[in-house]
Amino acid sequence: GYFGVGLNDADLGELNEVLLQSGLPTFDGRMLAIGGGGFAVRGRTLMLGGEGYGLITSDNVAGGRDYRLGGGYGLFQIGYLGEVTSGFDLFPLAGIGAGGMTLDVGPEGRPGEFDEVLADPDRESRLTRGGILVSAGAGARYRFGGTRSGGPTLGVRAGYLFQPWSTNWQLGGNTVANGPDSSLEGFYLRVTIGGGR
């Protein structure tokens, strides 16, 4: 198992165009990724496992409202574990899964008292969009102690996320017409720390 932190690129071109046309601030397509995963090794080389990451970017404020963009995804992965030297491994990885992004629009600052929220519940909107993801990449890790039987590990992973299919934007379970295209497709890079036995 491992904990990972790094960066994920996302394709926000059309979303940012719509925001600009509306006089609103845009979002950086480079998002902070925090998560982790785990895998089992069969026959000393076949890696089977999965991972999941939450994606965070900076909030924007305009016209007295907060605009927050985030997301996340999970993947089933398969790889081939190759030992280069004692304690150092390299491995190609491929994965398939799903992910999505959310755009929250709400009042700036503190939401107010509980009874005020009850009296005016339509003060925040959450737009969501999901899709199928396919990943291709590679990783490297160092096993402290140099044995294949386990111990703490430090690693790095890099690759590309493809999003071959996406849903339309949704608001409260209903489709929003003519929404801009956006996806989690892009490069990723992360550092991992973990261990095993």
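Arg143 is buried, at 3% relative accessibility, where buried means under 20% relative accessible area, exposed over 50% and partly exposed in between (1.4 Å probe, protein chains only). This is a predicted model, in which local features need pLDDT of at least 70 and side-chain atom pairs count only at pLDDT 80 or more, while totals for chains, interfaces and linings use all residues. Residues are numbered from 1 along each chain as its sequence is written, and side-chain values use heavy atoms, with hydrogens and water left out.

Arg143 pairs with Glu83 in a salt bridge whose closest N and O atoms are 3.1 Å apart. The two residues are 60 apart in the chain, Arg143 in strand β8 and Glu83 in strand β6 (residues 82-85); helices (H or I, at least four residues) and strands (E, at least two) are DSSP runs, numbered from the N terminus. Glu83 is partly exposed, at 39% relative accessibility. A salt bridge is a side-chain nitrogen of Lys or Arg within 4 Å of a carboxyl oxygen of Asp or Glu. Salt bridges link Glu83, Asp89, Arg141 and Arg143 in a network.

## Other salt bridges

The structure holds 10 salt bridges. One of them joins Arg190 to Glu51, with closest N and O atoms 3.3 Å apart. This pair links distant parts of the chain, since Arg190 is in strand β12 and Glu51 in strand β3, 139 residues apart. Arg190 is buried at a relative accessible area of 2%, and Glu51 is buried at 6%.

Arg129 forms a salt bridge with Asp181, at 2.9 Å between the closest N and O atoms. Arg129 belongs to strand β8, and Asp181 to the loop between β11 (174-175) and β12, 52 residues apart. Arg129 is buried, with a relative accessible area of 13%, whereas Asp181 is partly exposed, with 37%.

## Largest pocket

The largest pocket has a volume of about 430 Å³. Among its 25 lining residues, Phe39, Val41, Arg141, Arg143 and Gly196 are the closest to its centre. Two or more lining residues come from each of β2 (30-42), β8 (125-143), β9 (151-166) and β12 (186-196). The lining has nine nonpolar, 10 polar and six charged residues.

On a 1 Å grid over the protein atoms alone, a pocket is an open set of points with protein on both sides within 12 Å along at least five of seven lines, and a cavity is a set of points where a 1.4 Å probe fits but cannot get out; lining residues have an atom within 4 Å of a point. Grid points are joined across faces, edges and corners, and a volume is the space filled by probe spheres set on the points. Ala, Val, Leu, Ile, Met, Phe, Trp, Tyr, Cys and Pro count as nonpolar, Asp, Glu, Lys and Arg as charged, and the others, Gly among them, as polar.

## Cavity

One cavity of 30 Å³ or more is found in the whole structure.

In the largest nonpolar core, which has 23 residues, Leu12, Phe27, Leu69, Tyr73 and Leu103 touch the most other members. Such a core is a set of buried Ala, Val, Leu, Ile, Met, Phe, Trp, Tyr and Cys residues joined through side-chain atoms within 4.5 Å.

Ser135 lies in strand β8 and is buried, with a relative accessible area of 4%.
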